[in-house]
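I opened this notebook page to keep track of what I looked up, entry by entry, with the structure beside me.

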Amino acid sequence: MTLPSSISTRLGQHGYLAVGGAILLGLLFVFVFVRGGYLLTVMQLAMIYGVFCIGLNFFMGYTGQASFGQNAFAALGGYGTAVLCVQYGWEPILALFASMAISGVASVVVGYPTLRLRGHYLAMATFALGLITYDISVQWQSVTQGYMGYSGIPPLGIGPFTVEDERWKLVVLMVIVLFGLWISGRLRNSRFGRALRAISTSELGASALGIRISHYKLAAFVIAALYASAAGSLFAHVVGFISPEVFGAQMVIVTFTMLYVGGVGTVLGPAIGAVIASLLPEIVRSTGRFQDIAYALVLILLLIYVPKGLSALFGIGRPRPAKTTNPGS
Amino acid sequence: MPSVVELVQSLVNGVGIGLVYGLIAIGFCVIYNASGIVNFAQGVFVMLGGMFAYSFLVTLKWPLALAAAASIIVVAGIGVLVQIFIIRPMWERKAPMFAIILATLAVQLLIEQIVILTMGDQPRTYPEFTLGGPLKLGPIAIGYQLFWVLGCGALMVVLLQLFFNKTRVGRALRACSQNREAAALLGIPVGGMLMLSFALSAGLGAAAGILITPTQYTAYSVGAPFGVNGFISAIIGGFGSAPAALAGGILLGVVQSAAIVVFGAGYKNVIALTVLLIVLLFFPKGLFGGLAKKH
């Protein structure tokens, strides 16, 4: 079943809302910069999750496939960075790219057979990948130090220049997110991106147009893995500590909430969702233990009533029809 | 290398835990065959079964049979609530498949957190149904609870087979699994059948949880591993009939127990998930054939 495509190339009547949202976001960042303190950390994490979600959006949003195991690649990135920097004294930036390369290769090796699966089977297989990675990161203590995790991971930097100041860290992360968004926006409207979106609308139709489905799915999966790996490395550098819990199944729920809050398949959605979903728990912090309950409830309500995400509701970032799979197929 | 005794002992333990996986797997199949939905929160019903049984049995000091029946009914009711408030609205809006999976994962998180808030995060257990034991066969020990698991598991499978093959309601459920539109045209209330399938699979999960808790423990977090292993069993069995799912569960339980002996307890989930990936890649229809294939 396909939805009518309602892609508008102009900002249209929602343009003012989009501009207003952008101004609001800008004001938020100014506020965070002036205020400093704990909010800076929250926004840093939001940016890191943003990188992760932008990548996930390639696979879930543009291509319309389900992966519940991208946290595996974030773990690979985080542990790659931690081991290379702490044990072998590598340059942070080199370690980041090396981990991304490892994740890329791993995602090809894992994705090539796995992506032949569809529907529930694909969902479960990818979910299994995340769980396997979690268990290995707990058990393989000689490399990962088990539950103890790694501490003392050096901050991000190139050569003698390191980013130690919390405000500068946020600036660097924002630049990285913007760069990630730029790539995402450019690729979305390229021949490659149009092919991905064709697959999400109809695999049969796409293959009739001469698109090699398996290659494009794999490419989207690898891109998502690269982003996830970068997010994992950034987390390690910014926080300076990683443990298996960081990349656990909770990460799947959190990132999906972000993606759905922002809007699946839109360019800006993942980043907006990451910011909103990171700030929400801080606002309702007074509720303490109810935080996870609130997260789950918000996600369920969104999934039922606004399945394309909040930004689709407001028309931000050119919404496009999300993938519709009949639950029975 | 582990000795033969260790391997045989692990085989015995594996059959016990595998039966429980099998019961959970049947729960997955019941919902999947009625609706095409995979309820990833299935494991939570297992946890709830153990939790409620503990409350009724230990805190309220009810007799065993009453406590077990009461927990099964309560958990089945929770399954119906999940279906009414979360699954049905999404179902009616034709939500995409992965959105429903995600919602069931969120349900799992939600219920786990509510359990922490109301009952705490301490692991609990209660005594085996028949005290004494274990039965000694030479160097191999068999706990009495294993016989309870075997007996109740077999009984439930037989009852389910009778239900699906002999009763009108069971046949209606099977009709839904084959072709929902045709079933609706024949006057079968498809929505009601979906609700029934949730009640049934939640009750099955609760029964599994009540049976297994004395041999290990129950805590808010045990649901996810049980759910994943049950789903793996269902995939190995091929989402077909109840006996196939049960066989898949026993196979997984035995492989897992053997893996614990060989590789150590820490890797048991890694092994189970690797089995899953292998089966998915080479036998996408399951080892025992997808008898109830979806079209």
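**Entry 1, the contact between the chains.** I noted at the outset that this is a predicted model. I looked up the contact between chain A and chain B, and found that 42 residues of chain A and 46 residues of chain B take part in it. The area buried between chain A and chain B comes to about 4200 Å², and carbon and sulfur atoms account for 79% of that area. On the chain A side I wrote down A:His120, A:Tyr121 and A:Met124, which together supply 16% of the area that chain A buries against chain B, more than any other three residues.

I asked which elements give two or more residues to the side of chain A that touches chain B, and listed helix 4 (92-114), helix 5 (119-139), helix 11 (249-262) and helix 13 (291-305) of chain A. The largest share of that side, 14 residues, is from helix 5 of chain A. Sorted by class, the side of chain A that touches chain B holds 29 nonpolar, eight polar and five charged residues.

Helix 8 of chain B is mostly covered, with 18 of its 23 residues buried. Within helix 8 of chain B I picked out B:Ser197, which counts as buried because its relative accessibility is 0%, under the 20% cut-off. Setting aside its neighbours within four places in sequence, I found B:Ser197 in contact with B:Val30, B:Ile31, B:Ala34 and B:Leu173.

I turned to B:Gly248, which lies in helix 10 (residues 242-263) of chain B, and it counts as buried because its relative accessibility is 0%. Not counting residues up to four places away in sequence, B:Gly248 touches B:Ser233, B:Ile236, B:Gly237 and B:Phe288. I also looked up a separation, and B:Gly248 and B:Gln178 are 70 residues apart in sequence and 22 Å apart in space, C-alpha to C-alpha.

How values were computed: Residues numbered from 1 in each chain as written. Chains lettered and ligands numbered in written order. Predicted model: local features only at pLDDT ≥ 70, side-chain atom pairs only at ≥ 80, totals over all residues. Heavy atoms only, no water. Buried < 20%, exposed > 50% of the residue type's maximum accessible area, 1.4 Å probe, protein only. Helix = DSSP H or I, 4+ residues; strand = E, 2+ residues; numbered from the N terminus. Contact = heavy atoms within 4.5 Å. Buried area = accessible area lost by both parts, 1.4 Å probe. Nonpolar A, V, L, I, M, F, W, Y, C, P; charged D, E, K, R; others polar.
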